[in-house]
Amino acid sequence: MQLYRYSFKDGYLVPDENGDVTVFVEGNLISIVDKNGNKIEGVRFKYLGNESVSLEKLRYLAKFVNIEVNEDVLMVYPTLRQRTLAINKLMGEVFEVFIHNLLISKNYRVKRQNEIYPSLHNFTLTRWHNRPDFIIEDKVVIEAKIRKNDYLQTLEYSKYFKHGMVVFPFTGECRVPKGWICVFHTIKDQSRFYSLLENLLSRVK
């Protein structure tokens with residue numbers, strides 16, 4: 001369990017190390033109590049920066065997979081960096097569900113987070129990339145990203161799969177090895193996603 005201190009300002013909760021409101025967090029469960037230990041309900045956390053922009057994108061994406069976003073679980077953190085990380089993490093998880101739904105709706109054979117080679121992490125203590133988000137028809141890898149792809153990750157995968165896609169729900173930064181492609185705005189242009197995937201699959205003998 002984690003706890004954070006807050007205080008009220010203009011009707012919103014704002015981070016305050018000396019505040020008299022305590023917020024308890026355990027997983028997705030949040031409990032807010034005043035200095036007397038009385039539970040407080042129906043309050044909102046004040047934005048610290050551009051969270052509203054990221055949250056709007058998350059809500060938009062979540063509609064496509066019928067997931068309801070609990071904003072308080074993301075806004076409970078007392079720093080903008082922590083909130084941004086939480087939003088991006090959830091958005092990444094939701095986007096993976098979205099891509100998985102696209103793939104199974106067309107009856108592709110899909111392997112998700114499948115290990116492509118044994119990891120030596122426990123021995124080398126270095127980071128190994130050995131579990132692509134999706135492997136399609138045992139031929140093409142798909143990586144679902146939110147803002148930026150990890151070039152070294154895709155380079156490692158390209159040693160085992162000559163063709164792959166790095167897909168984004170909106171726009172992003174993308175650099176990929178030869179034989180791989182970047183696909184932006186997948187939500188709006190799903191037909192292009194399928195077309196590009198079919199093109200890659202046709203290249204694999």
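Is Cys 174 buried, partly exposed or exposed? I looked up the relative accessible area of Cys 174, which is 25%, so Cys 174 is partly exposed. I note the cut-offs: buried means under 20% relative accessible area, exposed means over 50%, and partly exposed lies in between (1.4 Å probe, protein chains only).

**Basis of the entries.** I am working with a predicted model, in which local features need pLDDT of at least 70 and side-chain atom pairs count only at pLDDT 80 or more, while totals for chains, interfaces and linings use all residues. Residues are numbered from 1 along each chain as its sequence is written, and side-chain values use heavy atoms, with hydrogens and water left out.

**Disulfide.** I searched the whole structure for disulfides (pairs of cysteine sulfur atoms within 2.5 Å) and found one. The disulfide links Cys 174 with Cys 182, at an S to S distance of 2.0 Å. I recall that a disulfide is a covalent bond between the sulfur atoms of two cysteines. The torsion about the S-S bond of Cys 174 and Cys 182 is about -80 degrees, so I record the disulfide as left-handed. Cys 182 is partly exposed, with a relative accessible area of 24%.

**Sheet.** I next traced an open sheet of five strands, in the order E6-E7-E8-E9-E10, with mixed pairing. Its edge strands, each pairing on one side only, are E6 (110-112) and E10 (180-183). From one strand to the next, the twist averages 20 degrees. Strands (E, at least two residues) and helices (H or I, at least four) are DSSP runs, numbered from the N terminus; two strands pair if DSSP finds at least two bridges between them.

Strand E9 (residues 163-167) and E10 run parallel and are joined by four bridges. Within this pair, I find Met 165 opposite Ile 181 in E10.

Helix H6 (residues 190-203) packs on the sheet and touches E7 (134-136), E8 (140-144), E9 and E10. The direction of H6 makes about 160 degrees with that of E9. Contact here means heavy atoms within 4.5 Å; axes are lines fitted to C-alpha atoms, for helices over the stretch in contact, and angles run from 0 to 180 degrees between N-to-C directions.

**His 163.** Which strand holds His 163? I located His 163 in strand E9. His 163 counts as buried because its relative accessibility is 14%. A polar atom of its side chain lies 3.0 Å from the backbone oxygen of Gly 179. Not counting residues up to four places away in sequence, His 163 touches several residues, including Val 141, Trp 180 and Leu 200.

Notes. Polar contact = N/O pair within 3.5 Å; in protein donor to acceptor, adjacent residues only side chain to side chain.
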